[in-house]
Amino acid sequence: MTTKPSLLITRRLPSSVIARLEAACDIDLYTGESAIPRDELLSRVRGKQALMCLLTDRIDGELLDAGRGLKIVADIAVGYNNIDVAAARARGIVVTNTPDVLTESVADFTWALILGLTRRISEGERVVRSGTWKGWALDFMLGSDVRGKQLGLVGMGRIARAVAARAPAFGMRVAYADDQVAGVAGAEQMSLDRLLTTSDVVSLHVPLIDSTRHLIDKRALARMKRSAWLINTARGPVVDEAALAWALGQHLLAGAALDVYENEPAVHPDLLAMDNVLLVPHLGSATTETRTAMADLAASNVLAVLAGKAPVTPVP
Ligand code: GLV
């Protein structure tokens, strides 16, 4: 009897995905309600040939040494800042992520945040639920139209392009700042500084790497229009959260919608107290269809590599 390769999965997955994997692997599934504790991850990765993990799992040299037999680390996320890719490459371990399958869902969600923030949806809901609503009034809870205004995209990768593609439906013109991407139809390329000083909505779509950590700091926030809104569906540390709380307190911008945070699940306490800040718990790709597709793609990567084939979506 040949033994199957062993696979550690750090969180429950849709049963259809588990069924696909079960045919080829011995699965060790962590079933806890929150992220697998570090010591448990370190001990359970020992002797495994494959690891399917989440953005909440830190995959560094220490972990990869514990998992010396690993052939693949398959992240179920498009952003892979949780993985030390160089350390994996140095050990001959393939790293994969889940691009494309989440692009449209995250773009939809970005627009939900843009409209939710500018039209004060969660603020209004709080009023209704609190029982303090006095009824319709001409000047009650006025928001801002986005029509005729500029949407500034920081980063012009797949998700930003999908966000841009939706802009004509809302009457927004699109600007973007991205040194790597030239000539996007229907969007004006500009420097980050010009984008910050001219945009009415600034939406972040860069990966978290050294050069983007705290890209939006005090200085950048001070360059934004006082009437502008900031949206972050990328990674929390792209924004200096303390600086954002300070800038909002100084009324240097109109408000912010955040899906991601510097130290998830913690949120800067000052932001929690502000009505012009829309806060959601890292839900950008969170639809049943998309999360299933992400898990399925990660499974395809594991199955390919364990079968000696090229991975479907290796990280660049
Ligand atoms: C989610 O944040 C992802 O990177 O997929």
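**Entry 1: cysteines**

I began with cysteine 53, whose sulfur lies 15 Å from the closest cysteine sulfur, the one in cysteine 25, which is too far for a bond. I am working on a predicted model, in which local features need pLDDT of at least 70 and side-chain atom pairs count only at pLDDT 80 or more, while totals for chains, interfaces and linings use all residues. Residues are numbered from 1 along each chain as its sequence is written, and side-chain values use heavy atoms, with hydrogens and water left out.

I then searched the whole structure for disulfides, taken as pairs of cysteine sulfur atoms within 2.5 Å, and the search gave zero. Cysteine 25 is accordingly in no disulfide. For burial I used relative accessible area, with buried meaning under 20%, exposed over 50% and partly exposed in between (1.4 Å probe, protein chains only). By that rule cysteine 25 is buried at 2%, and cysteine 53 is buried at 0%.

**Entry 2: the sheet**

I took helices (H or I, at least four residues) and strands (E, at least two) as DSSP runs numbered from the N terminus, and I let two strands pair if DSSP finds at least two bridges between them. What is the order of the seven strands in the open sheet? I read it as 8-7-6-9-10-11-12, with parallel pairing. Strand 8 (187-189) and strand 12 (277-279) stand at the edges with a single partner strand each, so one side of each has no neighbour in the sheet. For angles I fitted lines to C-alpha atoms, for helices over the stretch in contact, and took values from 0 to 180 degrees between N-to-C directions. Neighbouring strands of the sheet are turned by 20° against each other on average, with direction ignored.

Valine 174 has alanine 187 of strand 8 as its bridge partner.

**Entry 3: helices over the sheet**

With contact meaning heavy atoms within 4.5 Å, I found helix 5 lying across strand 6 (150-154), strand 9 (201-204), strand 10 (229-232), strand 11 (255-258) and strand 12, at about 150° to strand 10. Helix 10 (residues 241-249) lies across strand 10, strand 11 and strand 12, and runs at about 150° to strand 11.

How many of the residues of helix 5 are buried? I count 12 of 16, so the helix is mostly covered; among them are Phe109, Trp111, Leu113 and Leu117.

I next followed tryptophan 229, which sits in strand 10 and counts as buried at 12% relative accessibility. Leaving out residues up to four places away in sequence, tryptophan 229 touches, among others, Leu117, Thr118, Val202, Met224 and Gly255. Its C-alpha atom is 9.7 Å from that of leucine 151, which is 78 residues away along the chain.

**Entry 4: backbone exceptions**

Most residues other than glycine have a negative phi, and most peptide bonds are trans. I noted a positive phi near 70° for aspartate 100, in the loop between strand 5 (94-96) and helix 5. Just after helix 5, arginine 120 takes a positive phi of about 60°. Methionine 141 has a positive phi of about 50° and lies in the loop between helix 6 (121-130) and strand 6. The peptide bond from glutamate 264 to proline 265 is cis, with omega near 5°, and proline 265 belongs to the loop between strand 11 and helix 11 (269-272).

**Entry 5: salt bridges**

I counted a salt bridge when a side-chain nitrogen of Lys or Arg is within 4 Å of a carboxyl oxygen of Asp or Glu, and the count comes to 19. Arginine 38 and glutamate 62 meet in one at 2.8 Å, N to O; arginine 38 is in helix 2 (residues 38-44) and glutamate 62 in helix 3 (residues 61-66), 24 residues apart. Arginine 126 and aspartate 275 form another, with closest N and O atoms 3.0 Å apart. This pair links helix 6 to the loop between helix 11 and strand 12, across 149 residues. In a further salt bridge, arginine 58 and aspartate 60 have their closest N and O atoms 2.6 Å apart; arginine 58 is partly exposed at 48%, whereas aspartate 60 is buried at 16%. I also recorded a network of salt bridges that links Asp28, Glu40, Arg44 and Lys48.
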